[in-house]
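Thanks for coming. I will go through one model today, starting with the overall counts and then moving to a few local features.

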Amino acid sequence: MPRMEDILNLPVQDPRCAEFSAAHINWVKLEGGRQGGDDIALIPFVRVDDFVKGESSNPECPASFRVESRRKRPEGSVTKPRVDGYLEYTLYWCSYGPEDYREGDSCIGDSKSTKPASGKGSRPGRRHMMRGCLCHFTVKRLYTRPLLALIIYNQRRHVDKTGAPCHGILDRDAIGTRAMYAPRISDELRQKVMSMLYVGISLDNIIQHHVEVMQKQGGPQNRDDFLTRNDVRNMERSIRNSSHELQENDECSVKIWVQRHQKHVFYHQDNSGSQSFVLGIQTDWQLQQMIRYGNNSFISFHSTFGLKKLKYPVCSLLVFGSSQNAIPVAWIITSSFVGKDIHKWIALLSEKIRAKDPRWRPSAIILDNPSFDYNTIREAFQCRILLCAWHVRRSWIKKLFKTCCNFEVQREMLRHLGWILYCTRCGPNAMDALEEFMQIFVDQCAFMDYFKSKWLPSIDMWINGIKSLPLTMPESLAAIESYHIKLKSTLLKENNANFWPRLDWLIHTLTTGFLSLYWLDQYSLDTGYFENLQDKSLSANAWYHALNIPDVDVILDEQNLCHAKVFSQTDRNLVYTVWNPGSEFSLCDCSWSRLGNLCKHVIKVATFCRSRQVTRPLLSAQVYKQALLTLLHNPPDDPLVLDHTVLHVARLQQDIKALEELSNSGLLQPLASDLSSQMAINPLLFQHLH
């Protein structure tokens, strides 16, 4: 048996299952000391919650382990720490003990005044569930190894002081009572009921739905199946009495929220000196959705929302659900540009997900700002990076419709802006094309003033970003746009204007009512329940509506690709015109498009053109192709630069193959077929490898 000083030589155990229990771990008996004879094991500290959940799901003795005591030490507070010295110490005890009220009202001891073994007092309101269980364990986050947790299992069996089972199916006295099951409802059911209450489902409907589900599964199987009206009323009361304002001072209020919701915070940095405020939030449900929909799929950034009105802007990470709807799986709120501190939290988020599923890996990350350090993001997620210019297009179209009344001029200006952004008319100097654009449309003073002040300083950055990274297709951006509109309608309503300066209100709104809308949408899609209460705007975006337009309602002259016609699905006498069909800057004359949005007609025409291969490759595809061919046909003379270029082209070849996979999923339009062939037959660079 090892002694305590040998614990760091023990293997670190990290079971692959999402939740694990003592049965999944190889325990070692400890020799000597206060913990002599106890079982010990080392696990990653991030997996402690998974272990506690797994232990609570013991089929023979379902339980709920509560935190009986907790202590913390700051780093640097101990000069010579013991080998088992801790940064955090937590004692978990089965909720069926240690007091025993099965025989009478007295606590363990000789008199009623005697404190129970836990030192927590008489625990009013919980006496009925105390059955003297002695099962408990200690978790130490090691001082010298903060990433590891030492589990010391003091009593692994759910027994009372006589050594007999005191709850669960092994306890004969518990048969037919609630003591057969866990003492309280699970976190999953609590989150489910709270979400229902947040979206406005009544108590009666919640209970009725619960009864239907229980009957469908054939009767009660665990504590969750005994959900009562009192349970729901308690949660309803909790919501009614809760407030975003935990303290009058907003900064203190946020700190209290962070302390109370540690499991939902994956990164926190306070405002101090040169450091900006950063808060990364991800609930358990969001983590589940990121693992479910982000694996072998796409994760998109939606950054800097609310920059003008909210105290701090919100950056959302989105995954795409089964109906191509965007689901928020994390929020980052920061007082500075979100890309500034991205290196501090992006790796932590990735590690958190892989701690749950080591095989998890996204296919691509979609960025909406080329100034992000995409090498850091690529390294964290081990996948390719795509660029999205959705908000650039949206901003330009909205401003064009606001400042220019002539539709033909709007159309021509947008086409020129597309040429500038995608470098197709720029040659070596983008400023020449900009100058030409400003001279042609010099009479559009309002738009030119806006363009010069907001976009001119960053246009080079966007042009270079598009040369370096492939772009997403318009139909994949419909889900991001739908999310943006929903977020705006929730947070930026005028009746919320008094709350905009408060960060605690923003956090509370995102993690309660707003997130519950997405929970209900997914729950309805998965189970078929509450479809009448579903917010159709979450899943029925422009891409979804475009699927309902038949091909026969699209008229396209293949000899003249300047425009396409799409018949209205509600009024057959109405026909919409889509200009520049199939390009990133297509423009429709419908009312939804005139608001700057991506409409179903533009998306339908884009998919129609791609399926028939009747349009030229996308501007972004042409730019990416040109960058590859330039490397192939103009190898540098310097041998060091040449070696670097060879490696770069090899990686780009892999990107070409990967882009074909993305194209098959509908996210990207295929590059021109001649690109792959030229890459295959051109041996110019690769001759230098030998």
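A residue counts as buried here when its relative accessible area is under 20%, and as exposed when that area is over 50%. By that cut-off, 52% of the 690 residues of the protein are buried. Please keep in mind that this is a predicted model.

The secondary structure comes to 22 helices and 17 strands. As for contacts, take those with a sequence separation of 6 or more: residues 24 or more positions apart account for 67% of them.

Now to helix H2. H2 covers residues 187-198, which is twelve residues, and from its first C-alpha to its last it reaches 16 Å, close to the 16 Å expected at 1.5 Å a residue. After H2 comes Gly200, with a positive phi near 95 degrees.

Which residues of H2 are buried? They are Leu189, Lys192, Val193, Met194, Ser195, Met196 and Leu197. The cover over these buried residues includes three helices: H3 (203-216), H4 (229-241) and H15 (503-527).

Two packed helices are described by the angle between their axes and the distance between the axes. For H2 and H15, the axes come within 8 Å and cross at roughly 110 degrees. An angle of 65 to 115 degrees counts as roughly perpendicular, so H2 is roughly perpendicular to H15. On the H2 side, the contact is made by Gln191, Lys192, Ser195, Met196 and Tyr198. On the H15 side, the residues are Thr512, Gly513, Ser516, Trp519 and Tyr523. By residue class, this contact between H2 and H15 has four nonpolar, five polar and one charged. Lys192, Ser195 and Met196 take part in this contact, and they are also on the list of buried residues of H2.

Next, H4. H4 has 13 residues, which should span 18 Å at 1.5 Å a residue, and its end C-alpha atoms are 18 Å apart, so the two agree. The buried residues of H4 are Asp231, Val232, Met235 and Ile239. Where do these buried residues sit when H4 is seen down its axis? They fall within an arc of 95 degrees, so they line one face of the helix. They pack against H2 and H3. The face turned away from this buried side carries the exposed residues Arg240 and Asn241.

I will finish with two single residues. The first topic is Ala330, in strand S11, residues 326-334. Is Ala330 buried or exposed? Its relative accessibility is 0%, so Ala330 counts as buried. Leaving out residues up to four places away in sequence, Ala330 touches Phe266, Ile281, Gln282, Gln286, Cys315, Ser316, Leu317 and Leu349. Take Gln282 from that list: Ala330 and Gln282 are 48 residues apart in sequence, while their C-alpha atoms are 4.8 Å apart in space.

The other residue is Asn26, in the segment before strand S1 (28-29). Asn26 has a relative accessible area of 61%, so it is exposed. With residues up to four places away in sequence left out again, Asn26 touches Gln13 and Ala41. Between Asn26 and Asp39, which are 13 residues apart along the chain, the C-alpha separation is 9.4 Å.

To recap the two residues: Ala330 is buried, whereas Asn26 is exposed. That is what I have for today.

Technical notes. Residues numbered from 1 in each chain as written. Predicted model: local features only at pLDDT ≥ 70, side-chain atom pairs only at ≥ 80, totals over all residues. Heavy atoms only, no water. Helix = DSSP H or I, 4+ residues; strand = E, 2+ residues; numbered from the N terminus. Expected span 1.5 Å × (residues − 1). Buried < 20%, exposed > 50% of the residue type's maximum accessible area, 1.4 Å probe, protein only. Contact = heavy atoms within 4.5 Å. Axes fitted to C-alpha atoms, helices over the stretch in contact; angles between N-to-C directions. Parallel < 35°, antiparallel > 145°, perpendicular 65-115°, else oblique. Nonpolar A, V, L, I, M, F, W, Y, C, P; charged D, E, K, R; others polar. Arc of directions from axis to C-beta.
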